[in-house]
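Here is a short report on one structure.

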Amino acid sequence: MKVICTKDYQDMSRKAANIISAQVIMKPNAVLGLATGSTPLGIYDQLIDWYHKDDISFRYVTTVNLDEYRGLARTHEQSYWYFMHAHFFNHIDIDPSHVYLPNGNARDPEKECLAYDEIVRSLGGIDLQLLGIGLDGHIGFNEPGVAFELGTHLVDLDQSTIEANKRFFNDDASLVPKQAFTMGIRMIMQARKVVLVANGKAKAEILRKAFWGPVTPEVPASILQMHPDFTLIADKEALSLCPQCL
Ligand code: PGA
């Protein structure tokens, strides 16, 4: 595990964008595993900026997102499909047919999960997986207690996740979907490179538990300690309870 301590959010975003950019320059048809949430927004802004400056092209890139709420149409403003297009895909030259997210409105969830795993397999796996981390240690929507060996699956969201995400739903927890599709830990661990970003004091305790504590399904992100090419990029505040800050 490599730890990169940054001075602030902007520095974190720029360093993570640099790693993604290097991946795409080295392999223009890279498969990027992408994440939603507020943390990666600065990364997407930076990549868009470099795209506009002609420093990077996503023409041959394929993306697979980690997760999607169940029951939200793609056009719903809070769907992750909408989020990714509004904050990233609509601003770069990615081929729309190279963009994958689980279909939150799939009639047969089990079939959707198998199909999503098959998509990633047929793409040859993920070259670089970008992750955020939830306050409960989730990655994607792999909540505490998740079996590490699961493929894409449907999850019941933890109450803490619903509370954390209600800010996007008029602060009304009852409007937050109760289930989501998520890529499983197994597939995340099979990514050739994993980068997790975190910022702010609120994440300090969970970073300490996840990356300086025991590997346990109770803290799903902790499994990343076992990944052969895992980089944690976090700002000083998020790393304030951690022993290692280079
Ligand atoms: P955040 O979400 O980036 O909005 O903090 C992270 C997550 O829940 O994975």
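## The ligand shell

The shell around the ligand holds one nonpolar, six polar and two charged residues. Here Ala, Val, Leu, Ile, Met, Phe, Trp, Tyr, Cys and Pro count as nonpolar, Asp, Glu, Lys and Arg as charged, and the others, Gly among them, as polar. Among the residues around the ligand are Gly37, Ser38, Thr39, Ile133, His138, Arg167 and Lys203. A residue is near if one of its heavy atoms lies within 4 Å of the molecule.

This is a predicted model: local features need pLDDT of at least 70, side-chain atom pairs count only at pLDDT 80 or more, and totals for chains, interfaces and linings use all residues. Residues are numbered from 1 along each chain as its sequence is written, and side-chain values use heavy atoms, with hydrogens and water left out.

## Contacts and cover

## Gly42

Gly42 belongs to helix H2, residues 41-52 (a DSSP run of H or I, at least four residues, numbered from the N terminus). Gly42 is buried, with a relative accessible area of 14%; buried means under 20%, with a 1.4 Å probe and protein chains only. Gly42 and Asp11 are 31 residues apart in sequence. In space, their C-alpha atoms are 9.4 Å apart.

Methods
Helix = DSSP H or I, 4+ residues; strand = E, 2+ residues; numbered from the N terminus. Buried < 20%, exposed > 50% of the residue type's maximum accessible area, 1.4 Å probe, protein only.
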